[in-house]
Every structure is written in C-alpha cells, then in structure tokens.
Amino acid sequence: MAAPAPSAEIWNSLFMMYVTSAVVISAVVLAILGYFVLRYRQPSSSLADGGQDEPEFRIGAEPTRGSAKVAIALSVILGLLFVGLTASTFSAMEFMEEIPEDNPNALHIKVTAFQWGWQFTYPNGRTITGELRVPVNTPIVLEITSRDVFHTFAIAAFKVKKDAIPDRINFAWFEAKEAGEYRIQCYELCGTGHAKMIATLLAMETEQFEAWYGKLSEEKG
Amino acid sequence: MAHANNKPNPLVVWLFTTNHKNVGILYLVTSLYFLVVAGILALTFRMQLSAPNMVFLAADSYNQAVTLHGLFMLLWVTTPLAAAFANYVVPIQIGAKDMAFPRLNALSYWLYLASGIVALSSFFAPGGTADWGWTTYAPLNTLQYSPQAGGSLMGLAILLLLSSTIVATSNFMVTIFRLRAPGMKLSYLPLFSIFWLVTQFLLLWAFPAFAAPLLMLVSDRVLGTVFFTAAEGGALLWDHLLWFFGHPEVYILVLPGLAIAGDVLAVFSRRQLYAKKVIIIAVSVAAFLSYVVWVHHMFMTGIHPGLREVFNITTELISIPFGAIMLSYILTLFGGRIRATTPFLFALGSVILFIIGGASGVFNSSVALDVGMRGTFWVVGHFHYTIVGGGITGLIAGLYYWWPKMTGRMFSEKLGKLHFAIYMIGFNLLYFPMHLLYDMPRRIFFYDATTGWGPINMLITMGSWIFASSFIILFINLINSLRHGPKVGDDPWGGANYSLEWNVPSPPPEFNFPKGVPVITAQGLEFRQPWEIKMGITTTGGQQLYGTTALPTNGGSHVAEHGEEHGPHLSPWPFILSIGVALTMIGLVFGVPLLLQGVVIFIASIVGWAWEDVKEKFHVAIEALGEKWPFDRVENVPLGMWFFLFGEVALFGPLFAAYFFVRANSAYTGFAWPLPGQIHSTVMGAISTIILLTSGLATSLALVAIKNNNQRGLKAGLLTAFILGLAVLFIEGFQWAELFAEGYTFGTDIAASIYYLITGIHGAHILAGLLIIIYLLAKAYKGGYNAEKHMGVYAFAIYWGFVVGVWLFTFPLFYLI
C-alpha cells in the first residue's frame, strides 16, 4: 500500500513482519494443540466410569515427565525470533525517532494541546487552532506540550504519536509525501471533550503553503 | 456467641464466619455480582460505540462507565474471583484445616465488600464518580479538572481494597508456607496453589506500591497537597508509580486462571504436567520480570530512547517464560486420555486465547510499533485476550471444576458445553475485530462516519451481546445444579491422585479432613491420626517423611485437633469493623451523621476485637504438624508481620522514590528546594530520632523480658515505649502546628507536600503502634503472655523496629540534606 509518509511506510513494513511471524507461530502452535486434543480425545462414554482409570500423576511423586531440554530448546527458538524482531524494531525506531534538528530545511512548529483542541505556532509567530498546515516533502519538527492535562498528539495515518504533557516539551517529526487532509486526534482520555479533540492536518504543495505562510527560507535562522 | 457453635442461625454464620470455605463462597458470590455490574457497564458503552454519531450515553456518563468498568474488572472482579477459589481450595490442597489467621481472612473479605460498596456509592455522589479512565492519569485526576467528590471517594475505595488485599496476602503466605501437611513439599502442590503463592508475592509488592500514588492523589484532592499539579511531580510522577504497579497487576490477574488451566488439562488428560519444574521456574521468572517492564507503558512520554530500548528488551523477554508455560501445557496433552468435559474445554479456551493475546502482546513490546498502537483499540483487544481470555476463562474452568466440590452437586454438561461454544464465539467476535481498529483511539465516546470505524464496531457490539448472553447460560446452569443437580461423591473428576481436595467429602466438613491428618509419603497419600504423628509414627512402614517434619516442641499441648476443641469458628468483629470503615468513607461525601456513626462503629469494633483477643474467646488455633520450609523457625504471627512489613516497604519505597523524583526535577524547573534547617528544625528532628531509637530499645527489652517470663519487665518496657512514642507524636504535632502558624501548609509547594505526606503516614504508623501497645498491655495485665506464649509481643517488636527504621530514612531527607 502507498503510505502518505515515510514514517508510515516503515511502520507498515515492520507491522507486516510482526503479523507474519505472529500468525505463522500461533497457527503452528494452535494446530499442534488442536491435533493433540482431537488425537487423544476419549469417547464421552468413558466419562461414565467417573474418570477413575489410572492416571499418570500421584500426589507426592516427584515430577518425572518432560525433558527440560525440549522446553528450553523451544523457548530458545522463540527467543531468537524475538531477537530478530527486536533488531528490526530498533532500526525502525532509529528512523522514526531521529529528530532532524540540524536539517536546515526542517520547519519547527510548536504544538499546544488544551481541553479540547490543538494550537499550532509557527516560527514567524503565526498561531492557528484546529488546523495544521504544512508543506509536503519538508521535515516538520513538532515541539509538543500541553496547557492543562495529559493529552496524546497523533497523526494516525502517518504513525506519528507523542504525549502532550504539561510543563514538558516532547519532540516528534514527520514528513508528508502527498498533499491532502489527514486527521490529528488525541489518544489519551482528557475529559468529556476527548472524542472531539480533533484537528486537521493540511499537507500542501510548497507553493500553496508559501502563498499562505510567506517565504519559508526567510523564517529559518 | 459462646453458644452459637451448636446450631447457629444461618445469617449469623454467613456474617460472622471465619471458615475459609464460607469466606471463599462469599468471595465467589460477591465477585460474580461485581462481574455482572461491570459487564453491564461495558454493554452500555459498547452500545454507544456500535455506530457512528450514536447518541446513547453522554460523554460524562460514558467516561464514568468506562472508568468503573476498568476499575471493577481489574480490582473487584478478577483477583477476588481467584481469591474465592484460593480461599476455598488452597487450604485443602496444602492439607490445612483453615487459614493461618481465620479472623483476618474474614476481615479481608468484609473490607473487600465494603470497598466495593463505597466504590459503587461514588456513582451517586454529586457530579458522579471518577471519570478519568482506570489509569487515572494526572493531572486530569486532580480537583481542578475533575472536581466531583465521587472521584475522591473512588480513591478511598481503592485504598480500602488495597488494604484488604495486603491483609489477605500476608495470611495466604503464612498459610501456604507453614500449614502444609506432613510430607507436602511446595513442589508437590498443584499449580493453582503454587501460582497463587507467586501471585501473593506480586500482590505484596505491587498493591502497596499503588497505594503510594493513591495516597498522594487523595491527599491532593482532600488536603490540598500539590503532587500532581506541581511541575516537579505532575503527570510523569503518576505515570511511573501507576505503571510500576500496573504491569505486575496484569500477572496478578492472569496467573490464577492460567494455573487452573494447567491443573485441569493434566487431570482431564490423565497425564502429569509436562516439565512442571520448568513451569514453576518460568512463572517465577515472569513474576520477577514484571517489575522491570513498566516503562513500556510510557514509550510515548518522551523518556530517554536508551531507556526505551532497555524496556523494549525486558518486555520481549517476558514472552519466553510464558512461551515455555504454554508449550508445557500443550505437551501435557501429548499421549493423554482426554475427557473433553466443560472444565477441560474452558481450560483449553484459556490456553488458546492466551496464546493469541501473547502474540498480539509482542507487537506492543516494540517501541516502534507502539507508536501506532498506543492508546488504540488494538491495545484494548490485546489485554482483553490475555486478562479475560487467559485469566477469566481459566477462572471459569475453575468454577466448573470446583463447583461439585463446593456444592456437592453436578451441573449440566450439556449446558456447560453450550456455554463454552457461545462464550468462545462471543469472545472472539467481541475482541478480535478490535485489532483491526488499530487507528481508533480508546475511550472516545463518539466518532463520525468518515472514520470508517462503524461496521467493525457494530460487529464488536454484537459480539458483546453474544458474550454476555453466554453468562446467562452459566448462571442458569449453576442455579439449576444447586436445586436439581445430581449429588456427587468425593471425587467426581478422578482428581484424587492429583490434589488433596478430591480426597475429602463434597462439600468438605468444617475442618476439611474427617479421616485424619493427610500425610504424604513415598507411597502417596495417607490419613493418620494426630497422636500417631506426634509419636513419630508417620507411615505404615515407619519410613521417614520427606523434608523437615517439625513437630511442636512443646508437645503440642495447645494444638487443637478436632472441631470440638476449637472455639466457635465465628467472630462478629471483621464484619462490624468493615461496616464502620464503609460508613466513615461514605459519610465523608454523603453527610456527617453517617461519618460519625461510622467512626463510632469502627472504634467500637477495634475495642471489641482486641477484647475478644485479650479474653482469648476466639481461638481457632490452626496449628499444622507438617511442612514449614523455609520458615521452620518463625512462628505464624511474626511471619505474618514480616510479610506485612514487606508490603509496607513497598508502600514507603515509592513514597521515598517520589521524594527523589520531585527533588531531582526541581533542578530543572528551577524550584529552590529548602536548605537543611531552613524550614525544619534539625534539633527537633534529632530529638525525635533519639527518642524513637530509645523506644525501639524499650520494645526489645520488653521482648527479652517476656522470653524470660519477666512480667514486670514486659510491662515496664511496653509502657516506656508507649510514653516515648507518644512524645514523638507530640513533637511531630508541635512542628506541624508551628509550620502551619507560619503559613507553611500542605499546599505551599512540592517540598511541603512530600514532607507532610511522609511524616504524616509515619505518624499514623506510630499511632497504630501506640494502640497495639495498649492492647498488649491489657493482655499483659491479664497474664496473657509468658515465656512460651508471646508472639504478639514479638510481632510488635518487629513492627516497631520497622517504624523506627523508616524514621531513620525520613530524618536525613527532610532535616539534614
């Protein structure tokens, strides 16, 4: 699928990798479980004896069954798989989290969450509420905070998410590949207005953005 | 009450009972009731979410319903349901006649019920109850943003529940460690008893750790401290403390159900558990790991990336022990002779659903994927698969498994299987589609049609109806069984060789083992008479028992062996005390008359309880003759106190951690932390320290005195400790009064808040100690202690030592640095 942002692209491929391994492993494990149940199931008529046939277990007997080696070997296999998943997670995270602070093209925008809405302040002091306008193909660095309670800033389509915490500034970044409208929403319960704490992300072609904002290059220093 | 043991009134029995089986049934009925309440709440908000632009619940009702659903299911349903079975079967499984402290056991239950009633009553407070989600994030949880009194009441209700749990935990630990039958090694116990013991360790550290932030929250809301409004504390202080509790809590919820699943799989496949030792090691490792993963709930808070990688790894590590447990369970079935009864099916369901929940959990451990998942319905789906799927499904297996034991009657297998089928269909229709909503935020009461979330939500809501209706079948089946179910013998499932409860009648008599004391020998289970054990005749062949069979050194003269030798198994005080506490809390919001009644009843019950003790009217002395490893050399009462104090460490630990957290943060926020001596007089603090140390010495002297049967020394020591303790309280009160007069109050700044909270809680501990001294003195004057019998004094000495020890940390933090 075509992702509207590099962060979403990386996230999607990592997600697919996890889905594949999760589905394959659970399917194998559940299939073995299902096979055992069907294979060793006794006819229900055997219940009539109250299940009094000789069981293998006995109170006070040292457990004799099972080779620990099998369990450990299987666990190690699982462990190795998780090491693989973790390694790819870390490389994905490195990209998603590496804030392009030094990138001269990056546009820094302050995000202030409040009950209930989003306020965006641009380098030139321009402040708007409820709508975030950005140029495409430009790294956008967000400095996120909150004026009142704990919120979470998220652009779900881009897989960008960061908590907006009072008295604290958190950083996030993204880059829109295609012009369009996307949803910005709060992802932490923040009161009765939580569900409607939504803003629009408007990714614009650079010329259009500059027509609205003014020349970008002059604002950076 | 003295004559009540002949033919007591049933109402009296149920209200005043201290018998573990009755307490278990009380827990069962109450937790199922709360399950229905919390389930109906869920149905209402699922209705609201069923379609876009829905108008069924308003935002504030929705938020309250979501919050109460979460809190009830986590705190008042799942663990208490497990506790119901634990109360009923664990004492039997280990071969004991009752819990170590039957009255405290009853107290745990009544405090639990009282806390539930207080929590429900918060709904009717003006403005409603807590509406901040069960996670109670700061600063939404402060008065400024959630002014309703019901929120504070909910905080108090949770604190009450936590205290009920700590009492129960200390009790279970002493019971499982010290009341086992002769020859019953820990590793011989079925998984349920073993996992329950592990769960107790988790509870002992996690629940008090949750009490710390709750105390801060309630003090913010009621006294005006500033923990969660000040920049130095605030959101992240709450986050760290909540999630330190939060992840162990997940295993607290899941382990008992998984344990039942394992036991049931083994019994109904007639095979030993596969690699039982690996299972035991794995569950212990998982329990330990659960304390070092909490930051994975905070990946988005902007904490250091390196820290996130560490917690990413610890979190993924958790899947290894759980993977080992699941694989062992599956391999258990290999080569078995499986009887697919209702309990077996639910055990199987628990394993299947937990595997799916475990697989989706791996996603959440990934810091990168968590960017997408956090705060979405994916997470909701995941934790319902683990907690409901793994935990509750296992507990339902337990309900069917032990139902004939508890009632003496069988249920309908047909209805049981129907329940299972509808349960699994409803469950998966309800929770699986949530994974597809990995962009939809949790806890929104409203979404519009452009989101495209409507159809999946409709599916989920339909699933919720099917899932809920499966419980109706369960209840019909159980009620029918009570009236018309065929009677069963001791062992309807063929579990007699697996665990002890299938070797006693259904339901078991008051002291569980009518055939004698269960003894585990190399040949298996035997029943011996107590005198045979005391004379050292332990097996038919005269062979030695396994392990360390510590016989009472005093000849067991005060060891009660038969029901008739026990005092009445009833005490009114746990029940009355809980009424007092509940009325006091409810009265805080609903009116002073209630409050006053509550306080009077509370004080009266404490006096009544102490008096019952001083007069030794209640003596269900549950002394065991068997295994006590590894606590052979500690008596029950001091051991219970040790465990309780471990819980206390988990309370004070986070309080001190909070101190360092806000103090470290003040360097960033620019808050000038007061210099030593600037606010608190170092001299006064030093005087308190010296007096407290002296009182500790006096307590030790009292203990040494009574060990030598020196009655005067005991009284003198206790009296000295009392006077010194009182002096410290006065000095403390004097300092508080002076500071208040200078205008330095609870809410002055964060340093004041933490000072008042820690010294206040410490002062409350001193006050409690003084009350215990009064009780000890009363009993001492009645001649209640001698060289052999002085465990109350011993336990108090440990407690007082702890109180002094906490002060040795407190003093430097506020007076010297």
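**Exercise 1. Count the salt bridges across the interface of chain B and chain A, and examine one of them.**

Solution. Apply the rule: a side-chain nitrogen of Lys or Arg within 4 Å of a carboxyl oxygen of Asp or Glu. Across the interface of chain B and chain A, the rule finds 9 salt bridges. Take B:Asp448 and A:Arg183 as one pair. Their closest N and O atoms are 3.6 Å apart.

This is a predicted model, where local features need pLDDT of at least 70, side-chain atom pairs count only at pLDDT 80 or more, and totals for chains, interfaces and linings use all residues. Side-chain values use heavy atoms, without hydrogens and water.

**Exercise 2. Find how much area is buried between chain B and chain A.**

Solution. Start with contacts (heavy atoms within 4.5 Å). Here 105 residues of chain B are in contact with 81 residues of chain A. Next, take the buried area, the accessible area (1.4 Å probe) that two parts lose on being put together, summed over both. That area is about 8200 Å². Carbon and sulfur atoms give 64% of it. In chain B, the most area is lost to chain A by B:Gln272, B:Arg339 and B:Asn497, together 9% of what that side buries.

Note on methods:
Residues numbered from 1 in each chain as written. Chains lettered and ligands numbered in written order.
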